[in-house]
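Subject: Structure for you, with notes

Hello,

Here is the structure I promised. Please open it and keep it beside you as you read. My notes follow below.

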Amino acid sequence: MEHLLTRLDRLAGGRHAGYTISAEGRDHPRTRRAFVVIYWLLLAELLIGLAAVVVAVVLTAGGTALPFAVWMRALIVLAMTATLFYFAWRAQKGYYWAYSRLRLFSKIFPVVTLVLAAVPGLYPLWMVSEQILFSLLLIGVADYLDSDHMRSVFPKPGRSAPVAS
């Protein structure tokens, strides 16, 4: 299994796939707390995504025709959240590439989501509300990842890692 994960890491992480942070930084209490909160935020994201699928199924079963964009959005949110969980898991294990991807996507996805939510008529009001909540939770993830402590624990490859106390 680890061999498969290493190959997946190589695909996702590129040339820095094998670069990990120090055990001291990875096991620091502030790092561990940050990942606990990040996992809770991602779990909330997953529940919101599942709720959107359930609402879409119930509405469709009740005879409401939903645009293709609603179904695509609902399924993409679930796929994105699964990917973010993978990145968080690998980042918690100390992989810099996973931390950097999680940090990047937790900043990009809210922007994209909010722009799409602002397109008039693209989504029903309930899904626009779901997108706003989704974005707020991801902004929370980004906030934890951008803390001074986390940035010092996850230095870019080639830089030394001072551990914030």
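First, a term. A nonpolar core here is a set of buried Ala, Val, Leu, Ile, Met, Phe, Trp, Tyr and Cys residues joined through side-chain atoms within 4.5 Å. Buried means under 20% relative accessible area. Please note that this is a predicted model.

**Cores**

The largest nonpolar core has 29 residues. Within this core, Ile38, Leu102, Val141 and Phe154 touch the most other members. At least two residues come from each of helix 3, helix 4, helix 5, helix 6 and helix 7. Helix 4 gives the largest share, seven residues.

Take Leu102 as an example. Setting aside neighbours within four places in sequence, Leu102 is in contact with Ile38, Leu84, Phe87, Ala88, Val141 and Leu145.

**Overall make-up**

The protein chain has seven helices and zero strands. From the N terminus, the order reads α-α-α-α-α-α-α. The chain has 165 residues, and 38% of them count as buried. Consider contacts between residues at least 6 apart in sequence: 76% of these join residues at least 24 apart. The accessible surface comes to about 9000 Å². Carbon and sulfur atoms account for 69% of that surface.

**Helix 3**

Helix 3 covers residues 29-61, which is 33 residues.

Several residues of helix 3 are buried, among them Thr31, Ala34, Ile38, Leu41, Leu42 and Glu45. Further along the helix, the buried residues include Ile48, Gly49, Ala52, Val53 and Ala56. An α-helix has 3.6 residues a turn, so residues three or four places apart point the same way. What covers the buried residues of helix 3? The cover includes helix 2 (23-26), helix 4 (68-92), helix 5 (96-117), helix 6 (125-145) and helix 7 (148-153). Just after helix 3, Gly63 takes a positive phi of about 100°.

**Aromatic rings**

There are nine aromatic pairs in the structure. Phe35 and Phe154 make one that is edge-to-face, with 6.3 Å centre to centre and 75° between the planes. This pair links distant parts of the chain. Phe35 is in helix 3, Phe154 is in the segment after helix 7, and 119 residues separate them. Both Phe35 and Phe154 are buried.

Phe87 and Phe105 form a stacked pair: 5.8 Å centre to centre, 15° between the planes. Phe87 lies in helix 4 and Phe105 in helix 5, so the pair ties together parts that are 18 residues apart in sequence. Phe87 has 7% relative accessibility and therefore counts as buried. Phe105 is partly exposed, at 24% relative accessible area.

Ring pairs also build a cluster. Its members are Tyr86, Phe87, Trp89, Trp97, Phe105 and Phe109.

**Charges over rings**

Arg73 lies over the face of Phe134, 4.9 Å from the ring centre. The charged end of Arg90 sits over the ring of Trp89, 4.8 Å from its centre.

Glu130 is in helix 6. Is Glu130 buried or exposed? Its relative accessible area is 7%, so Glu130 is buried. Neighbours within four places aside, Glu130 is in contact with Ile48, Gly49, Ala52, Arg73 and Val77.

Leu114 is in helix 5. Its relative accessible area is 37%, so Leu114 is partly exposed. Leu114 and Phe134 are 20 residues apart in sequence and 9.3 Å apart in space, C-alpha to C-alpha. Beyond neighbours within four places in sequence, Leu114 is in contact with Ile132 and Ser135.

Ala82 lies in helix 4. Ala82 is partly exposed, with a relative accessible area of 48%. Ala82 and Leu43 are 39 residues apart in sequence. In space, their C-alpha atoms are 9.9 Å apart.

Best wishes

Methods
Residues numbered from 1 in each chain as written. Predicted model: local features only at pLDDT ≥ 70, side-chain atom pairs only at ≥ 80, totals over all residues. Heavy atoms only, no water. Helix = DSSP H or I, 4+ residues; strand = E, 2+ residues; numbered from the N terminus. Expected span 1.5 Å × (residues − 1). Buried < 20%, exposed > 50% of the residue type's maximum accessible area, 1.4 Å probe, protein only. Contact = heavy atoms within 4.5 Å. Phe/Tyr/Trp six-rings, centres within 6.5 Å; stacked < 30°, edge-to-face > 60°. Lys NZ or Arg CZ within 6 Å of the ring centre and 35° of its normal. Areas by Shrake-Rupley, 256 points an atom, 1.4 Å probe, with all protein chains shown as cover.
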